[in-house]
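Here are some notes for your next look at the model. They cover the packing, the ligand site and the backbone geometry.

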Amino acid sequence: MHSYSLAAAAKINLYLEIIGSRSDGYHELATVFQSIDLVDKIDLRLSGNDSICVHCDHPQVPSDRTNLAYRAAELMKTEFPDAFAKYGGINITIDKQIPVAAGLAGGSTNAAAVLVGIDLIWQLGLTQAELQTLAAQLGSDVPFCVMGGTALATERGENLSPLPDLDNLYVVLAKYRNLTISTPWAYQTYREKYSDCYITDAQSLAACWEKVHSSPMVRAIAPKDSTQIGKLLHNDFERAVFPEYPQLMQLKAAFEQARVLGTIMSGSGPTIFALTETPEQAQLVKETVKQAISDPELELWVTKFIPTGIRIAK
Ligand code: C5P
């Protein structure tokens, strides 16, 4: 086939602990990723020449190398020169539904879709492991975006352990339209405030990873214990980001008032999400928060957990 349409899912973090810093400047993490049914549609088509082109109508999505989707195509071109010589370049069209710079991995999941799509168009037959190794070169959460579902991630966020699928939860997401947070800024702010609690020696780090694998959140996921999952939501970034953006704390308080299973910021923010057990409850929570905050800049979405990252769109 010369073209593919892929659905690329956003992610939320049910748990995110920043454990320490690394010699490469990154941070050691323990996080639980979850795919949600908020998706960008990515159309990939052979360009008929040797160019890589990205098209997206969204004003905040660039078409050049600064777009991770573009860099994903460039990486494939470098890694598979014979296939590139045989098939040529790619036109990538992104229908953007996932908010940008929101802590939902919108850019990462577009890059993941480009890897999966080029693998299909160029008929490379790459394995999941091979795709994830390529994905890790593009960004820390791109490997999860390729795999999708529910997973525990350690190290930079690229070392994945799949967890049993969660299909019983609904999500309400809320984000102020013009508020975006840069991930490097969030890590830097966290480092300035809390690096005195970082774990630095290899032995303590290993003990930490081991503890995370049997943590209460991981243990609550296997039996799909939604009450516990809601209670155990945790994100270290909140204590770096909330003091700078008090409106996010107010948004979280509004969700708490709406009697949800739990509520938290996703990734480095600024999206706040809450969990419910039914779509009807999620819709009610959305209306309640919309009334409580009553700011035209506040956008809300209702969606659900899904077991897939990148899939071929219908
Ligand atoms: O890996 P990715 O390119 O998505 O990361 C963006 C930025 O977030 C990095 O440049 C780094 O500043 C920070 N980061 C980090 N530790 C991680 C992941 C990301 O410090 N585990």
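**Notes on the model**

1. Start with L44. Setting aside neighbours within four places in sequence, L44 is in contact with H2, S3, Y4, L6, I90, N91, I92, A113, V114, G117, I118 and I121. Contact here means heavy atoms within 4.5 Å.

2. On provenance: this is a predicted model, in which local features need pLDDT of at least 70, side-chain atom pairs count only at pLDDT 80 or more, and totals for chains, interfaces and linings use all residues. Residues are numbered from 1 along each chain as its sequence is written, and side-chain values use heavy atoms, with hydrogens and water left out.

3. L44 belongs to the largest nonpolar core, which has 42 residues. Those with the most contacts inside this core are L44, I90, I92, V114, L115, W122 and L138. The largest share, 8 residues, comes from helix α3 (residues 106-121). A second, separate core has 33 residues, among them I12, A102, L152 and V212. A nonpolar core is a set of buried Ala, Val, Leu, Ile, Met, Phe, Trp, Tyr and Cys residues joined through side-chain atoms within 4.5 Å. Buried means under 20% relative accessible area, exposed over 50%, partly exposed in between (1.4 Å probe, protein chains only). Helices (H or I, at least four residues) and strands (E, at least two) are DSSP runs, numbered from the N terminus.

4. Which residues surround the ligand? They are G25, Y26, H27, L29, G139, S140, R156, T183, P184 and Y187, each with a heavy atom within 4 Å of it.

5. Check the polar contacts (pairs of N or O atoms within 3.5 Å). A backbone N or O atom of H27 sits 2.8 Å from a ligand nitrogen. For R156, a backbone N or O atom lies 2.9 Å from a nitrogen atom of the ligand. S140 uses its side chain: an N or O atom there is 2.6 Å from a ligand oxygen. Taken alone, the ligand exposes 450 Å², and the protein buries 75% of that. These areas come from the Shrake-Rupley method with a 1.4 Å probe.

6. Now the backbone. Most residues other than glycine have a negative phi, and most peptide bonds are trans. G269 and P270 are joined by a cis peptide bond, with omega about 5°. P270 is in the loop between β9 (262-265) and β10 (272-276).

7. Q123, not a glycine, has a positive phi of about 50°. Q123 lies in the loop between α3 and α4 (128-136) and is exposed, at 58% relative accessible area.

8. K224 also has a positive phi, near 55°. K224 is in the loop between α8 (216-221) and α9 (226-232). K224 is partly exposed, at 31%.

Terms used
Polar contact = N/O pair within 3.5 Å; in protein donor to acceptor, adjacent residues only side chain to side chain.
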